[in-house]
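Q: Could you take me through the features of a model one at a time, giving the general rule before the particular case?

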Amino acid sequence: MADLASAQKTFEALKKAYAAGDSAKTASLLGTLKVALTTFPALPPMFEQTPTAPQELLLARELLEYAVLFSVSQKDEAAAERNFNQLRPYYADCRHVMPASPQEHLVTGLNLLRLLVQNRIAEFHTELELIPAAAQADKHVKHPVDLEQHLMEGSYNKILKAQGALPSPDYAHYMGMFTATVRDEIAACMEKAYATLSTSAAAKLLSIASAGEMLSFGEGREWTVAGGDTFVFRAEAAAPSAKDIPSMQLINQTLLYAKELERIV
C-alpha cells in the first residue's frame, strides 16, 4: 500500500506546480498520485473502513478535482470527462462521510458547460437532474443553466454578453468555444437575411468591439468588403431562363428510354 503521508506530500507539490503554471510537472505528479490511489482500499468501489479512510477519501476527491481543472486548462476535453466520471462517486456516494467540497460547484458547472459546448443536451439535462436544488442556485452551476436556456430561446445576444461575466476564469476556454459557435450561427443567419451589411452593423450583431477583429472574422467566412465599410455576402442571383434547362440532355435521355422499351417489347 502506498504511504498516505507521502501521497499527501506529493499532492502539496502538485498544487504548487499547478498554481505556478508548470504543466509538465503537474501532469507528472498527477500520474504518480493516480497510481498511488489504486492502493488505497477505502476508495470507491471498495469503501473499506480503514483507520485512514476519511483522509484517503479527501485526498482522492481533491486530487481528482485538480485533475479536472488541469484537463480544462490544457483544453483536453476527453481527459476532463474521464476525470469527472472518476470524481462522480465522491460527490454522489460519499456525502455522508466527508464534508462538502469547496470546489464541487465549480467542477460541476464546468462539466455542465462542457456538455453544452459539445451539444450533448440530453446528457446535460441528465446531469442537471442529479444536482441538488440548493447547488443549482450557486453561480457556478447557474451560469451554464442560464446559457442553455438562452440557447433554447435563441437569445444569442445574451450568450455573447455572458462571456464578460464568467463565474470563474476556469470557464474561459469552454466559453470561448461556445461563443465562437454562437457567432457562426449568427453569421449564417446574416448571410441568409442580407445581401450586404455595413461592417459596423455586423460588428454590433456579433458583439465584436474591434474593427480589426470584425474584418478578420469576415475574411474567415470569405465575406467580400466593398467600399471599405460594407460586407457583401452573396452576388445577386440571375433570373432563371430557358438556357438553364438542359434540353439536349433531356432529349437524349428520352430517346434512350424509348429505344430500351422497344427492345423489351
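A: Let us begin with polar contacts: a polar contact is a pair of N or O atoms within 3.5 Å, where within protein one must be able to donate a hydrogen and the other to accept it, and where residues adjacent in sequence count only if both atoms are side-chain atoms. Between domain 1 and domain 2 the count is five residue pairs in polar contact, both residues being at pLDDT 80 or more. This is a predicted model, in which local features need pLDDT of at least 70 and side-chain atom pairs count only at pLDDT 80 or more, whereas totals for chains, interfaces and linings use all residues. Residues are numbered from 1 along each chain as its sequence is written, and side-chain values use heavy atoms, with hydrogens and water left out.

Q: Where do the bounds of domain 1 and domain 2 fall in the protein chain?
A: Domain bounds come from an automatic or database domain assignment, and here domain 1 covers 4–194 and domain 2 covers 195–234. Their C-alpha centres lie 36 Å apart. With contact meaning heavy atoms within 4.5 Å, 11 residues from domain 1 and 13 residues from domain 2 take part.

Q: What area is buried between domain 1 and domain 2?
A: Buried area is the accessible area (1.4 Å probe) that two parts lose on being put together, summed over both; for this pair of domains the figure is about 1100 Å², and carbon and sulfur atoms give 59% of that area. On the domain 1 side, Arg183, Met190 and Tyr194 supply 55% of the area buried against domain 2, more than any other three residues.

Q: How many salt bridges does the rule find across the interface of domain 1 and domain 2?
A: A salt bridge requires a side-chain nitrogen of Lys or Arg within 4 Å of a carboxyl oxygen of Asp or Glu, and the rule finds two across this interface. Elsewhere in the list of pairs, aspartate 184 forms a salt bridge with arginine 221, their closest N and O atoms being 3.4 Å apart.

Q: Is glutamate 127 buried or exposed?
A: Buried means under 20% relative accessible area, exposed over 50%, and partly exposed in between (1.4 Å probe, protein chains only). Glutamate 127 counts as buried because its relative accessible area is 15%, while arginine 82, at 47% relative accessibility, counts as partly exposed. Leaving aside neighbours within four places in sequence, glutamate 127 is in contact with Phe84, Arg88, Asn111, Leu112 and Leu115.
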